[in-house]
Amino acid sequence: MEVTATSVWNNCLAFIKDNISIQNYKTWFMPIKPLKLQGAVLSVQVPSKFFFEWLEENYIDLLRMAIRRELGEGARLVYSIVMENTYGNNNPVTVKIPSANRGAIKNNPLNVPTDNSSIRNPFVIPGLKKLQIESQLNPNYTFDNFIEGDCNRLARSAGYAVAEKPGGTSFNPLLLYGGVGLGKTHLAHAIGIGIKDKYPEKTVLYVSAEKFTQQFMHSTRNNTRNDFVHFYEMIDCLIIDDVQSFAGREKTQDIFFEIFNYLHQNGKQVILTSDRAPVDLQGMEQRVLSRLKWGLSADLQVPELETRIAILERKTYNDGIELPTDVIEYLAYSINSNVRELEGALNSLLAQSLLNKKKITVELAQQMVKKFVKTNTKEITIDYIQKIVCDYFNMPIELIKSKTRKREVVQARQLTMYFSKQLTKNSLAAIGAQCGNKDHATVLHACRTVANLSETDKQFKAYVEDLSKKLS
Ligand code: ADP
Ligand code: MG
């Protein structure tokens, strides 16, 4: 019999049916349609993005097993999703997403001494014979999804080296630091996932410093401090996120110090993140700080424009959405604070387009960014306005600041003054001082001239409109 997408899928279904409840089978597998078979790649259609996520989250192991039985080790699954359409026409958009092929990231159960004081796992209910330590890793935070740029090259490659040889490099501990939303947590997870991929037998644990502190305090109250320490000493790769929150907590620092020393001496890997550089970690004990110096501190910077574009492209690709290039560029250009805000802006845009059934265009993006950036208090300065105006007229900024009375320069200068008055909190005198050392009356005159001209002169009106768009 010929092997087709349908025949392969029917065999998979038979296998799947035997392994789950009939209800789940009906809900999650009956609606799937086989589409295409190309070599070992089977494409199937699922009804929605939610459906796809549910399958990937709950049935990936079963699916993988089923298709490998049919198509061998190299078997791969590609989903086609019928999307709610984002383009305002009536054809449903289909997007293709390769299966991440990755379920929850599990550690092997550990044997623990089964005397009465068996070690309590602060993450799960006590009383288990074998200790199952959940890695707490987020499977989406992979290296693949972490876009490389000048802003993160050192941190990323150090992280990569650690993932290849945990405990076996001089980057121990590895401290990743940088401002909020720049990818510290993502990178820390990526290293953990990298280690699990290469060394499945190693026990990796991700924990926030906050949670670590709570667990510790809990153990002090319950007289289980030793259990707490032993638990952490069983980990092969310990990731503690946001250690700046240890500042001022001496007892927590002491126990961290103890655990750290044990792990380090035993060749185990420690990865830490912090929202500031070690020198700025006030309230941290000297001995703890000195341990940080044993390894490597690598910082994450704000990504440059190309990287921001690449991040948006990757994110839309992962979400199975297609956005016009000019929209992506507009977002990447306007939002330059950090990656979390960039993602926030993208999500808000998608939500607005879905809810209001509006096409995603640069105009929609502009409206959204305007609101978004306002609430994020990005301040517009005179310098910034000068730059935008000069770029627009393609003239050097020095000209505006000079005494020149050439017509084009006067015009650009007046526009700069006008927008500075409108968009900044500077006084007329302060604006004048920065625009060719003029007095406050000149600035006032400029504001009136611009207002008048934009009513009478069509060309001039267009300048004002273009510029206010650029400045908004
Ligand atoms: P931090 O821990 O530094 O505050 P996160 O790791 O939580 O920042 O990152 C914020 C968001 O930005 C996350 O969704 C993360 O996936 C994303 N992100 C950050 N840096 C990158 C990058 N280089 N490539 C892709 N996504 C990134
Ligand atoms: Mg974080």
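By class, the shell around ligand 1 is made up of seven nonpolar, seven polar and three charged residues. The model is a predicted one, and every value below is computed from it.

## The surroundings of ligand 1

The shell around ligand 1 counts 17 residues, and the closest of them are Gly181, Lys184, Thr185, His186 and Glu343. At least three residues of the shell come from domain 2 (133–300), and at least three come from domain 3 (307–471).

Particular pairs of atoms link the protein to the ligand.

| Residue | Atom of the residue | Distance to an oxygen atom of ligand 1 |
|---|---|---|
| Gly183 | backbone N or O | 3.0 Å |
| Lys184 | side-chain N or O | 2.7 Å |
| Arg340 | side-chain N or O | 2.9 Å |

On its own, ligand 1 has 560 Å² of accessible area, and the protein covers 91% of this area. Two elements give two or more residues to the shell around ligand 1, namely α6 (184–198) and α13 (339–355).

## The nonpolar cores

The largest nonpolar core contains 34 residues. Which of its residues touch the most other members? They are Phe212, Tyr232, Leu238, Ile240 and Ile259.

The largest share, six residues, is that of α9. Another core lies apart from this one; it has 27 residues, and among them are Cys12, Phe15, Ala75 and Leu77.

## Backbone features

Most residues other than glycine have a negative phi, and most peptide bonds are trans.

The peptide bond that joins Asn172 and Pro173 is cis, with omega at about 5°. Pro173 belongs to the loop between α5 (153–164) and β7.

Asp242 is not a glycine, yet its phi is positive, at about 65°. This residue sits in the loop between β9 and α9.

Asn394 counts as exposed because its relative accessibility is 71%, and exposed means over 50%.

## Residues apart in sequence and their separation in space

Asn107 is located in the loop between β4 (93–98) and β5 (110–111). With a relative accessible area of 3%, Asn107 is buried. From Asn107 to Ile133 the C-alpha distance is 6.2 Å, while 26 residues separate the two in sequence.

Phe146 lies in the loop between β6 (130–131) and α5. Is Phe146 buried or exposed? Phe146 is buried, since its relative accessible area is 7% and buried means under 20%. The C-alpha atoms of Phe146 and Leu187 are 7.2 Å apart, and the two residues are 41 residues apart along the chain.

Arg314 has its place in helix α11 (residues 305–319). A relative accessible area of 27% makes Arg314 partly exposed. Between Arg314 and Ile147 there are 167 residues of separation along the chain, but their C-alpha atoms are separated by 8.0 Å.

Ala412 is found in helix α17 (residues 407–423). Ala412 is buried, as its relative accessible area is 1%. In sequence Ala412 and Tyr463 are 51 residues apart, and in space they are 9.9 Å apart, C-alpha to C-alpha.

Definitions and conventions. Residues numbered from 1 in each chain as written. Chains lettered and ligands numbered in written order. Predicted model: local features only at pLDDT ≥ 70, side-chain atom pairs only at ≥ 80, totals over all residues. Heavy atoms only, no water. Near = heavy atom within 4 Å. Polar contact = N/O pair within 3.5 Å; in protein donor to acceptor, adjacent residues only side chain to side chain. Areas by Shrake-Rupley, 256 points an atom, 1.4 Å probe, with all protein chains shown as cover. Helix = DSSP H or I, 4+ residues; strand = E, 2+ residues; numbered from the N terminus. Nonpolar A, V, L, I, M, F, W, Y, C, P; charged D, E, K, R; others polar. Domains from an automatic or database assignment. Core = buried A, V, L, I, M, F, W, Y, C linked by side-chain atoms within 4.5 Å. Buried < 20%, exposed > 50% of the residue type's maximum accessible area, 1.4 Å probe, protein only.
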